[in-house]
Amino acid sequence: MEQITSRRVRNIAFAAILVVTTPVQAFAAKVALIIGNSEYEHASPLANPKNDAQAIAAKLRTLGFETLEGYDLGAADMAKMAREFAREVRSADMALFFYAGHGIQVDGRNYLIPVDAVMDDELSIDFEAFSIDVITKQMEYTQGANLLILDACRDNPFQDKLARSLKGSTRSIGGAGLSEMNVQDNGSGTGIVFATEPGNVALDGDGQHSPFTEALLKHIGTPNEPITTIMSRVTGDVYRATDQQQRPWFNQSYTDEVVLHRVAAAPAAPVETATDAPAAAVSVVDLEEEKYMFELARESGFAEDYQAYLDFYPNGRYARFARIAIERLQGAEEQTAGLAPAQPEAPNVAAATRAISTYDPSLPLVLNVTQHVIVAPATQITEQALNMDRDKRREIQARLNATNNNVGTPDGAFGPNTRRGIAAWQTSNGLPATQYLNSLQLELLTSQTEATYAAYMVTQSTSSGGSRSSSSSRSKKSNGAVNSFVKGVGEGIGNAFGNKLFGN
């Protein structure tokens, strides 16, 4: 069982875009607690909860949420995260809780199951399960809107175990799924979302996500739509995708419309007349801000940045050009993915480091150090947002070694040697030597070392006789350290970024 400790993530890059443009509304404190439990120690693991929670966390960060995240947590870690969440929601304008994993109902109360729970007898309920009332009670102190999303209605092996142990007891375990919930509201109200109707079982799904999370990811970021409308669409998608077997359930007591992704409408073209000069001046400012955001996307050349522009200005002056740019970029990625790079006869590190002056499909694409890369902040927070596990960190260390910024044996621990290596690499590229990475710098490092990294790994494998360290052999994520390095780095920083790196 692998535990990933909680982390607090703020989307710095997204916030920076909002700072340089006029915000739709003043920055609101939006806090989300996300937990996904898959690797149960005393029951069969679940395929999707961890994937679901990570995808929801990434999506919420794009909507301006500060996220507190935990995956495959035991009882002690779940309590610790709940306490941290309780501190944050006191001043939040919106508090959101998402959970995916096992859950049960006992005496009409709902409990979430940590991955280390045994659940053999009645005492397990009080000492091993996590009562969701702990979360809802803390939400009562907020003055803003609350939203609970529970994808915890999967077919639960603990249900039968507890039912047998509680036979003849004064306590009773409910049927499949979770029970209805009533929450006292002191703020703007609360919404409670179940993946299916109370008392029913939701499907975990055969794909990367459960049917419920798949639909939620599709709709939750819809600009300017209230959560009530979004949940209606999610319900319809899930109902159809499961052949009418699963119908999500939503209950809410909001006193006003709650919108998770509020964006500005496209500004009207300025009309200069003698009587409305002040209004025209305001429009010019708005148009300059729109132009600045479009120029950011054009300078970076990323489809994601063009899409960010369209999210803010779906009918803007440059909307048509942004959509054309996205289509071209996506088409170029598909063509690049279909190209098979030529295989070198033997590793040659010196030859692999040649500067590429013209485009050659048989050679790796090396990105340029643009002003956009130079000014993008690289801090401890931006590096945490990359969601790198130990395998990914080992790959970064190997890539730094391939640039002749030696950090020692790749061990997945970013100690002083690794920090000095990152700073040296940053300095050699004209970047601020912060010793921390962000997504743009990671993409730059990867592009620079696509050839040298492969050669470096071959030489390392040859020198070690093909042996692997004991720590790599114990990894549950992959049976091949090198393969997991190359394949895994795309996770946590978006599928589009991963496609750029590896042509998947």
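Contact here means heavy atoms within 4.5 Å. Among contacts in the protein chain between residues at least 6 apart in sequence, 70% join residues at least 24 apart. The structure is a predicted model, in which local features need pLDDT of at least 70 and side-chain atom pairs count only at pLDDT 80 or more, while totals for chains, interfaces and linings use all residues. Residues are numbered from 1 along each chain as its sequence is written, and side-chain values use heavy atoms, with hydrogens and water left out.

The protein chain holds 21 helices and 10 strands; helices (H or I, at least four residues) and strands (E, at least two) are DSSP runs, numbered from the N terminus. Of its 504 residues, 46% count as buried, where buried means under 20% relative accessible area, exposed over 50%, and partly exposed in between (1.4 Å probe, protein chains only). The accessible surface of the chain comes to about 24300 Å², and carbon and sulfur atoms account for 50% of this area. Accessible areas come from the Shrake-Rupley method with a 1.4 Å probe, and for residues, only the protein chains shown count as cover.

A nonpolar core is a set of buried Ala, Val, Leu, Ile, Met, Phe, Trp, Tyr and Cys residues joined through side-chain atoms within 4.5 Å. The largest such core has 39 residues, of which Leu33, Phe85, Phe97, Tyr99, Ile135, Leu148 and Leu150 touch the most other members. Two or more residues of this core come from each of strand S2 (30–36), helix H3 (75–89), strand S4 (94–100), strand S5 (103–106), strand S6 (109–112), helix H5 (133–139), strand S8 (145–151) and strand S9 (189–194). H3 supplies the largest share, 5 residues. Leucine 148 has contacts, beyond four places in sequence, with Phe97, Ile132, Ile135, Thr136, Met139, Met181, Thr190, Gly191, Ile192 and Val193.

Isoleucine 230 sits in helix H8 (residues 227–241) and, at 0% relative accessibility, counts as buried. With neighbours within four places in sequence left aside, isoleucine 230 is in contact with His219, Ile220 and Glu225. Its C-alpha atom is separated by 9.7 Å from that of alanine 215, 15 residues apart along the chain. Glutamate 257 belongs to the loop between strand S10 (249–252) and helix H9 (277–300), and touches Pro226 and Arg262, not counting residues up to four places away in sequence.

The loop between H8 and S10 contains aspartate 243. Most residues other than glycine have a negative phi. Aspartate 243, however, has a positive phi, near 55°, and is exposed, with a relative accessible area of 63%.

Turning to sheet structure, S5, S6 and S7 form, in that order, an open sheet of 3 strands with antiparallel pairing. S5 and strand S7 (130–131) stand at the edges with a single partner strand each, so one side of each is left without a neighbour in the sheet. Two strands pair if DSSP finds at least two bridges between them; S6 and S7, which run antiparallel, are joined by 2 bridges. Tyrosine 111 has serine 131 of S7 as its bridge partner.

The 13 residues of helix H16 (416–428) should span 18 Å at 1.5 Å a residue, and the end C-alpha atoms are 18 Å apart, which agrees; the expected span is 1.5 Å times one less than the number of residues. In H16, Thr418, Arg419, Gly421, Ile422, Ala423, Trp425 and Gln426 are buried, and the buried residues of this helix pack against helix H14 (380–384), helix H15 (390–402) and H17. After H16 comes glycine 430, with a positive phi near 75°. Glutamine 435, in the loop between H16 and H17, has a positive phi of about 75° although it is not a glycine, and is partly exposed at a relative accessible area of 32%.

In helix H17 (residues 439–448), 8 of the 10 residues are buried, so this helix is largely enclosed by the rest of the structure. Its buried residues are Leu440, Gln441, Leu442, Glu443, Leu444, Leu445, Thr446 and Ser447. Asparagine 438 caps the N-terminal end of H17, with a side-chain oxygen 3.2 Å from the backbone nitrogen of leucine 440.

How values were computed. Polar contact = N/O pair within 3.5 Å; in protein donor to acceptor, adjacent residues only side chain to side chain.
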